[in-house]
Amino acid sequence: MTATIIDGKAFAAKVREQVAGHVSRLKEEHGITPGLAVVLVGEDPASQVYVRSKGKQTVEVGMNSYEHKLDAETSEADLLALIDQLNNDPSVHGILVQLPLPEHLDSDLVINAIDPAKDVDGFHISNVGLLGTGQKSMVPCTPLGCLMMLRDHHGSLSGMNAVVVGRSNIVGKPMAQLLLGDSCTVTIAHSRTKDLAEVVRRADIVVAAVGRPEMVPGDWIKEGATVIDVGINRIDAPEKGEGKTRLVGDVHFESAAKVAGAITPVPGGVGPMTIACLLANTVTACCRANGLAEPQGLTA
Ligand SMILES: Nc1nc(=O)c2c([nH]1)NC[C@@H]1CN(c3ccc(C(=O)N[C@@H](CCC(=O)O)C(=O)O)cc3)C=[N+]21
(Lines give C-alpha, C1' and ligand atoms only; values in the text may rest on other atoms or scores of the structure.)
Protein backbone atom coordinates (compact mmCIF):
# COMPACT_ATOMS: atom_id res chain seq x y z
CA MET A 1 0.00 0.00 0.00
CA THR A 2 1.12 3.53 -0.69
CA ALA A 3 -0.46 6.23 1.42
CA THR A 4 -2.50 9.16 0.14
CA ILE A 5 -0.57 12.33 0.94
CA ILE A 6 -2.71 14.81 2.88
CA ASP A 7 -1.60 18.14 1.42
CA GLY A 8 -1.65 20.57 4.36
CA LYS A 9 -0.20 23.36 2.27
CA ALA A 10 -3.04 23.22 -0.26
CA PHE A 11 -5.65 22.75 2.49
CA ALA A 12 -4.27 25.78 4.34
CA ALA A 13 -4.59 27.88 1.18
CA LYS A 14 -8.29 26.94 1.01
CA VAL A 15 -8.80 27.85 4.68
CA ARG A 16 -7.12 31.23 4.07
CA GLU A 17 -9.44 31.82 1.09
CA GLN A 18 -12.45 31.23 3.33
CA VAL A 19 -10.97 33.51 5.99
CA ALA A 20 -10.38 36.23 3.36
CA GLY A 21 -14.04 35.93 2.31
CA HIS A 22 -15.22 36.48 5.88
CA VAL A 23 -12.82 39.39 6.31
CA SER A 24 -14.11 41.20 3.23
CA ARG A 25 -17.71 40.65 4.38
CA LEU A 26 -16.88 42.08 7.81
CA LYS A 27 -15.35 45.12 6.15
CA GLU A 28 -18.12 45.72 3.61
CA GLU A 29 -21.14 44.98 5.75
CA HIS A 30 -19.93 46.12 9.15
CA GLY A 31 -16.90 48.36 8.59
CA ILE A 32 -14.79 46.10 10.83
CA THR A 33 -11.25 44.90 10.05
CA PRO A 34 -10.10 41.97 12.23
CA GLY A 35 -6.76 42.62 13.92
CA LEU A 36 -4.15 40.18 15.26
CA ALA A 37 -1.40 41.24 17.67
CA VAL A 38 1.69 39.07 17.99
CA VAL A 39 4.12 39.55 20.86
CA LEU A 40 7.66 38.24 20.48
CA VAL A 41 10.09 38.48 23.40
CA GLY A 42 13.76 38.01 22.48
CA GLU A 43 15.22 37.07 19.14
CA ASP A 44 15.16 33.30 18.74
CA PRO A 45 15.76 32.91 14.97
CA ALA A 46 13.13 30.16 14.44
CA SER A 47 10.51 32.29 16.25
CA GLN A 48 11.35 35.29 14.08
CA VAL A 49 10.81 33.24 10.91
CA TYR A 50 7.43 32.04 12.18
CA VAL A 51 6.33 35.52 13.28
CA ARG A 52 7.29 37.04 9.91
CA SER A 53 5.41 34.38 7.92
CA LYS A 54 2.35 34.78 10.13
CA GLY A 55 2.38 38.60 9.80
CA LYS A 56 2.59 38.31 6.01
CA GLN A 57 -0.35 35.87 5.82
CA THR A 58 -2.44 38.02 8.20
CA VAL A 59 -2.12 40.98 5.82
CA GLU A 60 -2.71 38.76 2.75
CA VAL A 61 -6.18 37.76 4.03
CA GLY A 62 -7.02 41.43 4.62
CA MET A 63 -6.59 41.64 8.39
CA ASN A 64 -4.48 44.08 10.39
CA SER A 65 -1.25 42.70 11.85
CA TYR A 66 0.34 44.34 14.89
CA GLU A 67 3.80 43.09 15.83
CA HIS A 68 5.33 43.85 19.20
CA LYS A 69 8.99 42.90 19.47
CA LEU A 70 10.37 43.20 22.98
CA ASP A 71 13.96 42.61 23.96
CA ALA A 72 14.96 39.44 25.76
CA GLU A 73 15.39 41.23 29.12
CA THR A 74 11.85 42.69 29.20
CA SER A 75 10.39 42.54 32.72
CA GLU A 76 7.23 40.62 33.53
CA ALA A 77 5.56 43.90 34.58
CA ASP A 78 6.27 45.50 31.19
CA LEU A 79 4.98 42.44 29.32
CA LEU A 80 1.82 42.35 31.46
CA ALA A 81 1.31 46.09 30.84
CA LEU A 82 1.46 45.47 27.07
CA ILE A 83 -1.05 42.61 27.33
CA ASP A 84 -3.37 44.85 29.36
CA GLN A 85 -3.14 47.52 26.65
CA LEU A 86 -3.92 44.95 23.90
CA ASN A 87 -6.81 43.49 25.96
CA ASN A 88 -8.35 46.99 26.04
CA ASP A 89 -7.71 47.88 22.40
CA PRO A 90 -10.92 47.37 20.38
CA SER A 91 -8.97 47.12 17.09
CA VAL A 92 -7.18 44.01 18.42
CA HIS A 93 -9.34 40.86 18.22
CA GLY A 94 -6.61 38.28 18.68
CA ILE A 95 -3.47 38.21 20.83
CA LEU A 96 -0.67 35.66 20.48
CA VAL A 97 2.37 35.63 22.77
CA GLN A 98 5.04 33.59 21.02
CA LEU A 99 6.29 30.66 23.12
CA PRO A 100 8.66 29.69 24.58
CA LEU A 101 9.24 32.85 26.62
CA PRO A 102 12.67 33.63 28.12
CA GLU A 103 13.36 31.79 31.42
CA HIS A 104 12.72 34.75 33.73
CA LEU A 105 9.10 35.11 32.57
CA ASP A 106 6.29 32.90 33.95
CA SER A 107 4.48 31.79 30.80
CA ASP A 108 1.38 30.50 32.65
CA LEU A 109 0.97 33.87 34.34
CA VAL A 110 1.47 35.75 31.07
CA ILE A 111 -0.91 33.55 29.03
CA ASN A 112 -3.60 33.75 31.71
CA ALA A 113 -3.37 37.57 31.61
CA ILE A 114 -4.73 37.56 28.03
CA ASP A 115 -8.46 38.25 27.67
CA PRO A 116 -9.79 34.69 26.98
CA ALA A 117 -11.98 36.09 24.17
CA LYS A 118 -8.80 37.32 22.41
CA ASP A 119 -6.74 34.20 23.20
CA VAL A 120 -6.42 32.92 19.61
CA ASP A 121 -3.90 30.27 20.72
CA GLY A 122 -6.53 28.77 23.05
CA PHE A 123 -3.95 28.43 25.85
CA HIS A 124 -5.76 30.44 28.59
CA ILE A 125 -7.03 28.21 31.44
CA SER A 126 -10.61 29.34 30.72
CA ASN A 127 -10.38 28.14 27.13
CA VAL A 128 -8.78 24.87 28.24
CA GLY A 129 -11.67 24.32 30.67
CA LEU A 130 -14.31 25.26 28.10
CA LEU A 131 -12.83 22.84 25.55
CA GLY A 132 -12.62 20.05 28.14
CA THR A 133 -16.30 20.47 29.01
CA GLY A 134 -17.49 20.73 25.40
CA GLN A 135 -18.37 24.45 25.59
CA LYS A 136 -17.66 27.11 22.99
CA SER A 137 -14.01 28.20 23.31
CA MET A 138 -10.96 29.29 21.37
CA VAL A 139 -9.30 26.05 20.18
CA PRO A 140 -5.48 25.68 19.92
CA CYS A 141 -4.41 26.15 16.29
CA THR A 142 -2.30 23.03 15.71
CA PRO A 143 -4.88 20.50 17.00
CA LEU A 144 -7.65 22.42 15.19
CA GLY A 145 -5.72 22.14 11.92
CA CYS A 146 -5.20 18.39 12.49
CA LEU A 147 -8.95 17.93 13.20
CA MET A 148 -9.90 19.79 10.01
CA MET A 149 -7.65 17.52 7.92
CA LEU A 150 -8.99 14.38 9.62
CA ARG A 151 -12.64 15.42 9.12
CA ASP A 152 -11.94 16.31 5.51
CA HIS A 153 -10.31 12.94 4.84
CA HIS A 154 -12.73 10.69 6.75
CA GLY A 155 -16.00 12.57 7.03
CA SER A 156 -17.04 11.09 10.40
CA LEU A 157 -14.39 10.03 12.96
CA SER A 158 -17.00 8.31 15.15
CA GLY A 159 -15.82 5.08 16.78
CA MET A 160 -12.27 5.24 15.43
CA ASN A 161 -9.30 4.33 17.66
CA ALA A 162 -7.11 7.42 17.93
CA VAL A 163 -3.68 7.37 19.56
CA VAL A 164 -2.07 10.70 20.36
CA VAL A 165 1.65 10.32 21.04
CA GLY A 166 2.65 13.27 23.22
CA ARG A 167 0.95 14.94 26.19
CA SER A 168 1.80 18.62 25.84
CA ASN A 169 -0.66 21.34 26.81
CA ILE A 170 -0.37 22.92 23.37
CA VAL A 171 -0.89 19.83 21.19
CA GLY A 172 -1.36 16.40 22.82
CA LYS A 173 -3.98 17.21 25.46
CA PRO A 174 -6.20 19.52 23.36
CA MET A 175 -5.90 17.10 20.39
CA ALA A 176 -7.23 14.29 22.60
CA GLN A 177 -10.17 16.49 23.70
CA LEU A 178 -11.07 17.31 20.10
CA LEU A 179 -10.90 13.66 19.00
CA LEU A 180 -13.06 12.69 21.98
CA GLY A 181 -15.51 15.42 20.94
CA ASP A 182 -15.73 13.71 17.54
CA SER A 183 -16.47 10.37 19.27
CA CYS A 184 -13.10 8.65 18.81
CA THR A 185 -11.81 6.19 21.40
CA VAL A 186 -8.76 8.14 22.52
CA THR A 187 -5.45 7.03 24.01
CA ILE A 188 -2.76 9.51 25.03
CA ALA A 189 0.63 7.80 24.87
CA HIS A 190 3.97 9.32 25.86
CA SER A 191 7.61 8.61 26.68
CA ARG A 192 6.72 6.39 29.65
CA THR A 193 4.03 4.37 27.88
CA LYS A 194 4.67 0.61 28.10
CA ASP A 195 4.80 -1.22 24.76
CA LEU A 196 4.38 2.02 22.81
CA ALA A 197 4.75 0.18 19.49
CA GLU A 198 1.83 -2.13 20.37
CA VAL A 199 -0.33 0.80 21.48
CA VAL A 200 0.32 2.69 18.24
CA ARG A 201 -0.37 -0.48 16.18
CA ARG A 202 -3.98 -0.48 17.42
CA ALA A 203 -4.62 3.02 16.06
CA ASP A 204 -6.85 3.91 13.11
CA ILE A 205 -5.59 7.48 13.62
CA VAL A 206 -2.08 8.28 14.88
CA VAL A 207 -1.20 11.85 15.86
CA ALA A 208 2.54 12.13 16.55
CA ALA A 209 3.45 15.18 18.65
CA VAL A 210 6.52 14.34 20.69
CA GLY A 211 9.20 16.54 19.14
CA ARG A 212 11.61 13.66 18.46
CA PRO A 213 12.83 13.33 14.88
CA GLU A 214 11.45 10.24 13.09
CA MET A 215 10.74 8.34 16.33
CA VAL A 216 7.64 6.56 14.95
CA PRO A 217 8.75 3.98 12.37
CA GLY A 218 6.53 2.46 9.69
CA ASP A 219 6.34 -0.92 11.44
CA TRP A 220 4.40 0.70 14.32
CA ILE A 221 1.64 1.76 11.90
CA LYS A 222 -1.41 -0.40 11.24
CA GLU A 223 -2.10 -1.09 7.56
CA GLY A 224 -4.37 1.66 6.21
CA ALA A 225 -4.17 3.94 9.27
CA THR A 226 -4.20 7.73 8.99
CA VAL A 227 -1.00 9.38 10.26
CA ILE A 228 -0.88 13.05 11.29
CA ASP A 229 2.70 14.19 11.90
CA VAL A 230 2.89 17.30 14.09
CA GLY A 231 6.68 17.25 14.52
CA ILE A 232 8.88 19.86 12.86
CA ASN A 233 12.50 18.92 13.56
CA ARG A 234 15.57 20.31 11.86
CA ILE A 235 18.29 17.66 11.51
CA ASP A 236 21.72 17.50 9.87
CA ALA A 237 21.68 16.41 6.24
CA PRO A 238 25.28 15.66 5.27
CA GLU A 239 23.96 14.00 2.08
CA LYS A 240 22.93 17.49 0.90
CA GLY A 241 26.42 18.81 1.55
CA GLU A 242 28.61 20.05 4.37
CA GLY A 243 26.64 21.86 7.12
CA LYS A 244 23.24 21.40 5.40
CA THR A 245 20.03 20.57 7.31
CA ARG A 246 16.54 19.33 6.49
CA LEU A 247 13.13 19.25 8.19
CA VAL A 248 11.67 15.94 9.35
CA GLY A 249 8.61 15.03 11.37
CA ASP A 250 8.16 12.78 14.41
CA VAL A 251 7.26 9.95 12.00
CA HIS A 252 9.70 8.15 9.71
CA PHE A 253 7.89 9.25 6.55
CA GLU A 254 9.32 6.86 3.98
CA SER A 255 8.55 3.66 5.91
CA ALA A 256 5.21 4.92 7.28
CA ALA A 257 3.95 5.94 3.81
CA LYS A 258 4.31 2.29 2.72
CA VAL A 259 1.72 1.04 5.24
CA ALA A 260 -0.49 4.03 6.11
CA GLY A 261 -3.71 4.80 4.26
CA ALA A 262 -3.01 8.52 4.47
CA ILE A 263 -0.21 10.64 5.91
CA THR A 264 0.73 14.31 6.31
CA PRO A 265 4.21 15.30 5.06
CA VAL A 266 6.77 17.53 6.81
CA PRO A 267 7.13 20.25 5.65
CA GLY A 268 3.80 21.02 4.00
CA GLY A 269 1.47 19.23 6.41
CA VAL A 270 0.42 20.40 9.87
CA GLY A 271 2.67 23.53 9.92
CA PRO A 272 0.83 25.55 7.27
CA MET A 273 -2.54 24.50 8.79
CA THR A 274 -1.44 25.90 12.18
CA ILE A 275 -1.01 29.38 10.73
CA ALA A 276 -4.25 29.14 8.70
CA CYS A 277 -6.12 28.21 11.90
CA LEU A 278 -4.60 31.17 13.72
CA LEU A 279 -6.16 33.42 11.06
CA ALA A 280 -9.43 31.48 11.32
CA ASN A 281 -9.47 31.91 15.12
CA THR A 282 -8.88 35.65 14.72
CA VAL A 283 -11.93 36.01 12.43
CA THR A 284 -13.98 33.88 14.85
CA ALA A 285 -12.88 36.06 17.80
CA CYS A 286 -13.74 39.21 15.82
CA CYS A 287 -17.23 37.95 14.98
CA ARG A 288 -17.91 36.95 18.59
CA ALA A 289 -16.62 40.30 19.90
CA ASN A 290 -19.08 42.10 17.64
CA GLY A 291 -22.05 39.83 18.32
CA LEU A 292 -22.08 38.53 14.73
CA ALA A 293 -22.70 35.00 13.49
CA GLU A 294 -19.38 33.19 13.43
CA PRO A 295 -17.93 31.43 10.35
CA GLN A 296 -19.02 27.83 9.80
CA GLY A 297 -16.37 25.15 9.28
CA LEU A 298 -13.54 27.21 10.76
CA THR A 299 -14.19 26.19 14.36
CA ALA A 300 -14.36 22.86 16.18
N1 LIG B 1 2.08 31.07 21.05
C2 LIG B 1 2.56 30.31 20.06
N3 LIG B 1 1.72 29.78 19.14
C4 LIG B 1 2.21 29.02 18.11
O5 LIG B 1 1.41 28.54 17.26
C6 LIG B 1 3.62 28.80 18.02
C7 LIG B 1 4.44 29.37 19.01
N8 LIG B 1 3.89 30.09 20.02
N9 LIG B 1 5.78 29.18 18.99
C10 LIG B 1 6.43 28.51 17.90
C11 LIG B 1 5.55 27.45 17.30
C12 LIG B 1 6.01 26.96 15.95
N13 LIG B 1 4.91 27.19 15.04
C14 LIG B 1 4.94 26.88 13.67
C15 LIG B 1 3.89 27.11 12.81
C16 LIG B 1 3.96 26.82 11.46
C17 LIG B 1 5.12 26.28 10.92
C18 LIG B 1 5.18 25.97 9.46
O19 LIG B 1 4.35 26.39 8.68
N20 LIG B 1 6.22 25.20 9.00
C21 LIG B 1 6.44 24.85 7.61
C22 LIG B 1 7.92 24.77 7.30
C23 LIG B 1 8.66 26.02 7.65
C24 LIG B 1 10.15 25.88 7.35
O25 LIG B 1 10.51 25.58 6.20
O26 LIG B 1 10.94 26.08 8.31
C27 LIG B 1 5.86 23.47 7.28
O28 LIG B 1 5.70 22.66 8.22
O29 LIG B 1 5.61 23.21 6.12
C30 LIG B 1 6.17 26.02 11.76
C31 LIG B 1 6.09 26.31 13.12
C32 LIG B 1 3.90 27.82 15.72
N33 LIG B 1 4.23 28.02 17.02
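Helices (H or I, at least four residues) and strands (E, at least two) are DSSP runs, which I number from the N terminus.

**Entry 1: ground rules**

I am working on a predicted model, where local features need pLDDT of at least 70 and side-chain atom pairs count only at pLDDT 80 or more, while totals for chains, interfaces and linings use all residues. Residues are numbered from 1 along each chain as its sequence is written.

I looked up the strand order and found an open sheet of six strands, 1-11-8-7-5-6, with parallel pairing. Strand 1 (4-5) and strand 6 (185-189) are at the edges and have a single partner strand each, so one side of each lacks a neighbour in the sheet.

Starting from strand 1, I noted two bridges that pair it with strand 11 in the parallel sense, and the bridge partner of Thr 4 in strand 11 is Ala 262. Strand 11 (residues 262-263) is also joined to strand 8 by two bridges, again running parallel, and here Ala 262 is the bridge partner of Thr 226. On to strand 7 (residues 205-208), which four bridges join to strand 8 in a parallel run; Ile 205 has Thr 226 as its bridge partner in strand 8.

Is strand 8 covered or open on its faces? I find both faces of strand 8 (residues 226-229) covered, with Thr 226 and Ile 228 on one side and Val 227 and Asp 229 on the other, all buried. For burial I count other C-beta atoms, placed from the backbone, within 10 Å of the residue's own: 20 or more is buried, 12 or fewer is exposed, and anything in between is partly exposed.

I then traced helix 6 (residues 141-154), which lies across strand 7, strand 8 and strand 11 and runs at about 160° to strand 8. Angles here run from 0 to 180 degrees between N-to-C directions, and axes are lines fitted to C-alpha atoms, for helices over the stretch in contact.

Helix 6 also packs with helix 7 at an angle of about 35°, the axes being 8 Å apart. I recorded the contact as made by Pro 143, Cys 146 and Leu 147 of helix 6 with Pro 174, Met 175 and Leu 178 of helix 7, where contact means C-beta atoms, placed from the backbone, within 7 Å.

**Entry 2: annotated binding-site residues**

The UniProt annotation "binding site", from an unreviewed entry, covers Gly 166, Arg 167, Ser 168 and Ile 232; I keep in mind that such annotations may be inferred rather than shown by experiment.

I placed Arg 167 in the loop between strand 5 (161-165) and helix 7 (172-181). Arg 167 has 18 C-beta neighbours inside 10 Å and therefore counts as partly exposed. Leaving aside neighbours within four places in sequence, Arg 167 is in contact with Gly 172, Lys 173, Ile 188 and His 190.

I placed Ile 232 in the loop between strand 8 and strand 9 (233-236). Ile 232 is likewise partly exposed, because it has 19 C-beta neighbours inside 10 Å.

I found another open sheet, of three strands in the order 3-2-4 with parallel pairing. Neighbouring strands are turned by 15° against each other on average, direction ignored.

Strand 2 (residues 35-41) and strand 4 run parallel and are joined by four bridges, with Gly 94 in strand 4 as the bridge partner of Leu 36. Helix 2 (residues 45-60) packs on this sheet, touching strand 2 and strand 3, at about 170° to the direction of strand 2. Helix 3 (residues 76-87) packs on the sheet too, touching strand 2, strand 3 and strand 4, at about 180° to strand 2.

I checked Gly 35, which sits in strand 2, and its 22 other C-beta atoms within 10 Å are why I list Gly 35 as buried.

**Entry 3: domains**

Last, I looked up the domain assignment, which gives domain 1 (30-119) and domain 2 (141-271), bounds that come from an automatic or database assignment. Their C-alpha centres lie 28 Å apart.

Methods: Pairing = 2+ DSSP bridges. Contact = placed C-beta atoms within 7 Å.
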